[in-house]
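Work through the exercises below with the sequence and the model at hand. Try each task before reading its solution.

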Amino acid sequence: MAYVTCKNLSLGYESKVVVEGLNFAVNRGDYLCIIGENGSGKSTLMKTLLGLKAPLGGEILFSDGLKKNEIGYLPQQTVVQRDFPASVYEIVLSGRLNHCGLKPFYSREDKAAAKKNMERMSITALSGRCYRELSGGQQQRVLLARALCAAEKILLLDEPVSGLDPVVTAEMYALIEDLNRQGVTIIMISHDLQAALRYASHILQIGKTPFFGTKADYRKEGGKDDADAR
């Protein structure tokens, strides 16, 4: 049974439809890359999956034991967020807020999760550093550790390598691939079609020529004619 199933989904803002008739499913262990031209609705889809926006039509089903609060999210950063004056440890630990309930403090379990995920992202040595003093690649590792603290079943990543240099980009892709091999389901927005075809198990293309299927099927069709997705 799929973690997430979208049936005849329509997305947009207020009454303006951006995407309609969207059908796809994400199973446990999948690595789905969402591609498409600018303005095609990729980020809107991700916000809808997170429950931050309501669909204009259709439905989203969560199953196979997945709950909405078990989805981790790494959004695109704003300039203000990059300058956030908190320590690495504080930011990673804040990913556990949805586990605290009515408790006014973090538990031993929360702190252990933060420590474990900083180790996974190789940022333990940075735990006391101020977030805004870090490089772009280091900041992305911090945010990925935070997302893992929030949930380890499935991660939604919105352009996680945006603005990073080629070396750091390769490192970030390797980290995400390793998480997927460990059993974390990945849904990632990407403008990098080559990377999508290298790392993803499935491709969802939104735009004039929609597609959903395995990357093998995408290759068989010669890729869809959507220049901005490349």
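The exercises cover a core, a pocket, a loop residue and a helix.

This is a predicted model, in which local features need pLDDT of at least 70, side-chain atom pairs count only at pLDDT 80 or more, and totals for chains, interfaces and linings use all residues. Residues are numbered from 1 along each chain as its sequence is written, and side-chain values use heavy atoms, with hydrogens and water left out.

**Exercise 1.** Find which residues have the most contacts inside the largest nonpolar core.

Solution. A nonpolar core is a set of buried Ala, Val, Leu, Ile, Met, Phe, Trp, Tyr and Cys residues joined through side-chain atoms within 4.5 Å; buried means under 20% relative accessible area with a 1.4 Å probe, protein chains only. The largest such core has 45 residues, and Y31, V92, I123, L144, L155 and I203 have the most contacts inside it. Next, look at the elements: helices (H or I, at least four residues) and strands (E, at least two) are DSSP runs, numbered from the N terminus. Among the elements that give two or more residues to this core are strand 3 (31–36), helix 6 (136–150) and strand 6 (154–158). Helix 6 gives the most, with seven residues. Then take L155: leaving aside residues up to four places away in sequence, its contacts (heavy atoms within 4.5 Å) include L144, A147, L148 and I187.

**Exercise 2.** Determine how the lining of the second largest pocket divides into nonpolar, polar and charged residues.

Solution. List the lining: P75, Q76, Q77, R82, G136, Q139, Q140, D158, E159, S162, G163 and L164. Sort it, with Asp, Glu, Lys and Arg as charged, Ala, Val, Leu, Ile, Met, Phe, Trp, Tyr, Cys and Pro as nonpolar, and the others, Gly among them, as polar.

**Exercise 3.** Is S40 buried or exposed?

Solution. Locate S40 in the loop between strand 3 and helix 1 (42–49). Its relative accessibility is 5%, so S40 counts as buried. Now check its surroundings: S40 touches V18, V19, I206 and G207, not counting residues up to four places away in sequence. A polar atom of the S40 side chain also lies 2.7 Å from the backbone oxygen of E37.

**Exercise 4.** Explain why helix 1 counts as largely enclosed by the rest of the structure.

Solution. Identify the buried residues of helix 1: K42, T44, L45, M46, T48 and L49. Helix 1 is largely enclosed because six of its eight residues are buried. Just after helix 1, G51 takes a positive phi of about 85°.

Conventions. Buried < 20%, exposed > 50% of the residue type's maximum accessible area, 1.4 Å probe, protein only. 1 Å grid on protein atoms, 1.4 Å probe; cavity = no way out; pocket = protein on both sides within 12 Å on 5 of 7 lines; lining within 4 Å. Polar contact = N/O pair within 3.5 Å; in protein donor to acceptor, adjacent residues only side chain to side chain.
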